[in-house]
Amino acid sequence: IYNKFFKKTNNMFSANLAAKHLKNKKFILCNGDVVVEKDIVKKLIKGKNENEILIDKNFFDEESMKIKINSFRKIININKKIKKKSKSFVSIDFYKFSEHASSKLFEKIYYHIKNISKNDWTEIALKNILSECKFYPNEIKGLKWCEIDSYKDLIFAKNKFKEIKKKIFKKYNNFVVDIDGTTFKKQIPIDGTSSFLRNVKKYNKKLVFLSNNSSLDFDSFKKLFKKVNFKINKSNIINSTDVLINYLKDSKIKKVYASGNKKFLGELKKNKIIVSKNNPAVVIVSYDDEINYKKLQIVCELLNKGIKFIATHNDNFYPSIKGPIPDAGSILSLLETTTGKKPSKIFGKPSVEIKKLLKIKGKTLVIGDKTNKDILFAKNCNYDSALILSEDEVGVNDKKQKKIKPNYILSSIKDLG
């Protein structure tokens with residue numbers, strides 16, 4: 001059956017096209033964007049009640065269809081807007097109808113399409129027969145299912161059905177994980193971060209967070225991870241500032257001029273590095289969310305004198321909640337346009353300089369959302385990698401970047417949560 005009006009209608013209209021084949025007959029109705037294990041269909045067929053809705057008690061999502069039951073386990077409501085409570089559960093969009101329920105359903109569908117709207121869900125008609133027909137929940141109990149509305153959903157489903165999480169936690173001893181865009185979006189934890197951290201602890205894995213964000217100091221990261229009840233220490237977090245300072249100490253550089261915010265400059269001072277525009281050994285550029293014209297002018301004047309030029313990292317933008325904002329790479333581009341100078345050293349991902357600070361042994365997986373940073377870093381260090389899908393990677397046309405292949409593609413950190 002083909003709904004030639006599908007662009008202007010919804011699944012209720014499509015269901016009505018099948019009325020002459022299904023009305024007054026037992027049948028199972030499911031949404032076409034749901035993939036399930038075969039045993040899920042068998043479970044519904046063998047269910048003890050003539051009218052049933054398959055539910056998942058271990059999953060709750062605001063976008064999913066939900067059901068509500070009464071004290072007799074009878075379903076009394078079905079709606080996306082139902083809130084999470086003790087007697088509300090997610091429907092996996094699989095429904096079993098008796099002959100009587102089938103007749104009532106199509107009566108409600110016909111009336112709704114003729115008098116109210118052609119562009120509504122079948123579940124609205126289903127809701128309207130709950131007072132006349134007894135429907136009961138049938139729990140899937142750990143069987144796999146996924147609703148696929150996007151490419152990310154498809155990747156999530158593939159990983160779930162292939163049990164990628166189980167395989168990854170079995171194979172790797174260490175996880176080197178990006179922060180911005182992978183586990184956090186600015187100051188907000190990304191869905192799945194908490195459960196991923198619980199799994200790391202459960203399977204006793206070594207974890208190191210690796211960030212190019214030089215605008216945050218250790219106390220800032222500590223405060224950030226409190227939001228997911230994770231106690232971070234200096235042994236399991238490295239940012240580009242740490243790699244830079246390690247280089248300055250090894251090179252015995254004690255005086256620099258740096259463009260950076262107060263936290264970044266504070267880290268330099270803590271390590272007894274003098275920040276001054278008077279005869280510095282090097283000029284440093286970092287992610288400076290306090291930048292102004294005066295700072296840029298001083299940097300340009302020093303570069304024009306031939307002072308050595310280095311940078312914490314060269315990410316072009318920072319993935320903020322409201323979209324990309326300028327990062328160190330944008331400042332570097334401005335300086336190159338003005339002076340024609342490029343940094344001689346860059347310390348953030350994908351630099352192998354980071355490996356000097358990584359105290360890990362055994363099989364290692366790098367997880368991040370940028371091919372040219374996280375995945376290339378893994379390749380440079382001979383580590384395996386997992387790319388988190390993000391808007392940043394959509395539409396990438398760089399041929400070199402496309403050749404950098406991760407070992408795994410994840411829809412989000414939730415795939416390992």
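The side chains of Lys349 and Asp374 form a salt bridge with an N to O distance of 2.7 Å; a salt bridge is a side-chain nitrogen of Lys or Arg within 4 Å of a carboxyl oxygen of Asp or Glu. The pair links distant parts of the chain, 25 residues apart: Lys349 is in the loop between strand S20 (345-346) and strand S21 (364-368), and Asp374 is in helix H14 (residues 371-380). The model is predicted: local features need pLDDT of at least 70, side-chain atom pairs count only at pLDDT 80 or more, and totals for chains, interfaces and linings use all residues. Residues are numbered from 1 along each chain as its sequence is written, and side-chain values use heavy atoms, with hydrogens and water left out. Helices (H or I, at least four residues) and strands (E, at least two) are DSSP runs, numbered from the N terminus.

**Salt bridges and exposure**

- Side chains of opposite charge can pair when their charged atoms come close.
- By the rule given above, the count comes to 19 salt bridges.
- Lys349 is buried at 2% relative accessibility, and Asp374 is buried with a relative accessible area of 2%; buried means under 20% relative accessible area, exposed over 50%, and partly exposed in between (1.4 Å probe, protein chains only).
- Lys171 and Asp384 meet through their side chains in a salt bridge of 3.9 Å, N to O. Because Lys171 lies in helix H7 (residues 164-171) and Asp384 in strand S22 (residues 384-388), this pair ties together parts that are 213 residues apart in sequence.
- Lys171 is partly exposed, at 43% relative accessible area, whereas Asp384 is buried, at 14%.
- A salt bridge also joins Glu353 and Lys356, whose closest N and O atoms are 3.2 Å apart. Glu353 counts as buried at 14% relative accessibility, while Lys356 counts as exposed at 55%.

- Five strands form an open sheet with parallel pairing, in the order S15-S14-S16-S17-S20; two strands pair if DSSP finds at least two bridges between them.
- The edge strands, each pairing on one side only, are strand S15 (274-275) and S20.
- Strand S17 (residues 308-311) runs parallel to S20 and is joined to S20 by two bridges. Ala311 stands opposite Ile346 in S20.
- Helix H11 (residues 262-270) lies across strand S14 (255-259), S15 and strand S16 (282-285), and runs at about 170 degrees to S14. Axes are lines fitted to C-alpha atoms, for helices over the stretch in contact, and angles run from 0 to 180 degrees between N-to-C directions.
- Helix H12 (residues 293-304) packs on the sheet and touches S14, S16 and S17, where contact means heavy atoms within 4.5 Å. The direction of H12 makes about 135 degrees with that of S14.
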